[in-house]
Amino acid sequence: MEHHEGMQTHVERLVEVMLQDLRAKASPEFAEILETIPVRVLWESPEHDRYGDFFGVPLDMGNGGEAVASDIIIYAGPLLAHSNGDDQELHRMTHKTLMHEIGHYLGLDHAELEKRGWN
Ligand SMILES: [Zn+2]
């Protein structure tokens, strides 16, 4: 997969705008949680078809809401490869991936994510 610096920056900006939008709409408590989420955009996934990953310990809301060495990673390359140059589709896929990984961070499993359409 060819690395396009500009396209990675494009996905980084998409993610940043989505996070800002989420924070703007969130309750003060959730906005604070969103502030602590470490989100990074990398180009390539170690497993080729992944759009995102969550590493670490999900947030335990009952435990002071402290994030312990957790990390959300969005993979720009696979998202771009599968959106076929359609920016709206790229936007939709990136949003879904971001919500999926945020869901993991909040401690949701795949069944719960699917109910929310974040599968
Ligand atoms: Zn997952």
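Which residue of strand 3 does Gly52 stand opposite? The residue is Ile74. Strands here, like helices, are DSSP runs numbered from the N terminus (E, at least two residues, for strands; H or I, at least four, for helices).

The model is predicted: local features need pLDDT of at least 70, side-chain atom pairs count only at pLDDT 80 or more, and totals for chains, interfaces and linings use all residues. Residues are numbered from 1 along each chain as its sequence is written.

Five helices and three strands make up the secondary structure of the chain. Along the sequence they follow the pattern α-α-β-β-β-α-α-α. Of the 119 residues in the chain, 22% are buried. A residue counts as buried if 20 or more other C-beta atoms lie within 10 Å of its own, as exposed if 12 or fewer do, and as partly exposed in between, with C-beta atoms placed from the backbone. Two residues are in contact if their C-beta atoms, placed from the backbone, lie within 7 Å. Among contacts between residues at least 6 apart in sequence, 63% join residues at least 24 apart.

Strands pair if DSSP finds at least two bridges between them. Strand 2 and strand 3 (residues 71-75) run antiparallel and are joined by four bridges.

Angles run from 0 to 180 degrees between N-to-C directions, and axes are lines fitted to C-alpha atoms, for helices over the stretch in contact.

Helix 4 packs with helix 1 and with helix 3. The axes of helix 1 and helix 4 come within 10 Å and cross at roughly 60 degrees. Helix 1 is therefore oblique to helix 4. Angles under 35 degrees count as roughly parallel, over 145 as roughly antiparallel, 65 to 115 as roughly perpendicular, and the rest as oblique. Val11, Leu14, Val15 and Met18 in helix 1 meet His91, Thr94, His95 and Leu98 in helix 4. By class, this contact has five nonpolar, three polar and no charged residues. Ala, Val, Leu, Ile, Met, Phe, Trp, Tyr, Cys and Pro count as nonpolar, Asp, Glu, Lys and Arg as charged, and the others, Gly among them, as polar.

Helix 3 (residues 76-83) and helix 4 (residues 87-105) pack at about 140 degrees, with axes 9 Å apart. Helix 3 is thus oblique to helix 4. Their crossing is right-handed. Leu79, Leu80, His82 and Ser83 in helix 3 meet Glu89, Leu90, Met93, Thr94 and Thr97 in helix 4. This contact has four nonpolar, four polar and one charged residues.

Met99 also lies in helix 4. Met99 is partly exposed, with 19 other C-beta atoms within 10 Å. Its C-alpha atom is separated by 8.8 Å from that of Leu113, 14 residues apart along the chain.

Technical notes: Left-handed = near helix turned anticlockwise from the far one by under 90°.
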